[in-house]
Amino acid sequence: MGVIVRLLQEFGSLLRKNDAIVHEFNAVTSEITAIVSVIAQSRLVLWSTVAALLYLIYWILFSKLFYLRRNHDVRRRRLRGDLPPVYPNGWFQMCAAHDLRPGGVISDLTCKLVLLEAKQVHILGKEFAVFRTQSGKVACLDAYCPHLGANLAAGGIVVGETIHCPFHGWVFDCEGRCKDIPYASSKIPEQANTKSHPVLEMNGQILFWFDAEGRNPTWYPPELPKVNKEWSWRGTSRHYLNCHIQEVPENAADVAHLHYLHGPGLLAGTDLRKTHSTSMLDFVKHNWYASWEPVDEPGKKHLSVLKLVHRLSLLGWELPMLDLNVTATQVGPGLVYLEWSSFFGTGVFVQALTPKEPLYQELTHAIYASSSVPQIVAKFYLFGEAKQVERDVMVWNNKMYRKAPVLVKEDKLIAQHQSRTRCSTSESTIGSAANADTDMLCIRISRRTYYPRLLLTLWWKVERT
């Protein structure tokens, strides 16, 4: 503590020329000296201060980062444009694998039965109950009990290989079949079942297959063998978007936006009205070298690859030793695996884009890194990624979808990407969007069916008379 006081006194000796400054500095120094002496004399205050500093150091260097950002709701005050189907076919993340612990397990500490609740998941305009059984199997059921409609994930407990309804205790297995009704001695009704959905646990994710026609999966995501083995989970960021789902994967093919939108340094902020007007912060720039191409191999039409090099420049001088080399693999409409390497080590950003409702998406980035990457570096990478994404979010939340955009020769990759994404949609998803949400999107659809029905009704009445 005395070292701090001596440093302040030495600094004050440099300001002897101005008496007013010296007087004010001496007053501040005396106050700091009094505070330091109080801390030094009081053991309680001293150790409390030490504990707070140790916790701060631990939080900065070792703790995982959770970053959540919700943005203003602009869904009802902007033009939508001529939209493609809002729910494309593909795999979508329901939750992270580490969010589900086995249910009905005996705790080693308390020797008591641990009963866990199912996780309530809302995606694609529907409610699901997702849980992990005692054997480790992950199951996904329609959330509402066939009895009186209670939500199985809102208070329902997982016991062994079954889930118990929170309302009357009805017991369901992983296939959605009712196995027991505690208070009933009669036979279980055949219709006492809830629908079960196949899920896939891979790359630290619980994935759900959606197909508008109800078909089985036609492809599967590639496996990342280093996740949760050589690469450990370091943190997650989450954003909520008010846009069409196609806007986000289309960003990969739009390499021209990288220099303009993501060029200014992080200190320039995320408000696009100010990022290019902060001339005092122009000494830091992000330079991007990117190329995008689809994968045309048989059975891999759902894949495309973006190769990216991020290079930081300071006062116009590039710093190659800080390069971040990224290979981003787009997997269908909802998944991106951004494998990266840097001076510190290697890792991956697992990006998941999940449609919660029509024109409302959840975007998450989970970072996994090798043991050579310090936690503070992994947190900085994740924080930087989150801030760069927020610049895109401001555009997505306020733009309209252009089905036939005006493009120049250098935008050919965007046109190529749009033509490929049409293969992952089914026209019947428009109808499912109308049933899933009463958003203004449905007005465009319902008008097409309302007038023919009205004319048919009038004709029928005339014929009867």
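1. Helices (H or I, at least four residues) and strands (E, at least two) are DSSP runs, numbered from the N terminus. The model is predicted: local features need pLDDT of at least 70, side-chain atom pairs count only at pLDDT 80 or more, and totals for chains, interfaces and linings use all residues. Residues are numbered from 1 along each chain as its sequence is written, and side-chain values use heavy atoms, with hydrogens and water left out.

2. Q388 lies in helix α6, which spans residues 375-396. With a relative accessible area of 9%, Q388 is buried (under 20% relative accessible area, exposed being over 50% and partly exposed in between; 1.4 Å probe, protein chains only).

3. The side chains of Q388 and H262 are joined by a polar contact of 2.8 Å (a pair of N or O atoms within 3.5 Å; within protein, one must be able to donate a hydrogen and the other to accept it, and residues adjacent in sequence count only if both atoms are side-chain atoms). Neighbours within four places in sequence aside, Q388 is in contact (heavy atoms within 4.5 Å) with H262, P264, L266, H286 and W288.

4. Strands β6, β7 and β8 form, in that order, an open sheet with antiparallel pairing (two strands pair if DSSP finds at least two bridges between them). Its edge strands, β6 (119-123) and β8 (138-142), each pair on one side only. Five bridges link β6 to β7 (residues 126-132), and A129 in β7 is the bridge partner of Q120.

5. A further open sheet, also antiparallel, has five strands in the order β5-β9-β10-β11-β12. β5 (116-117) and β12 (178-180) are the edge strands. Two bridges connect β11 (residues 171-172) with β12, where C178 stands opposite F172.
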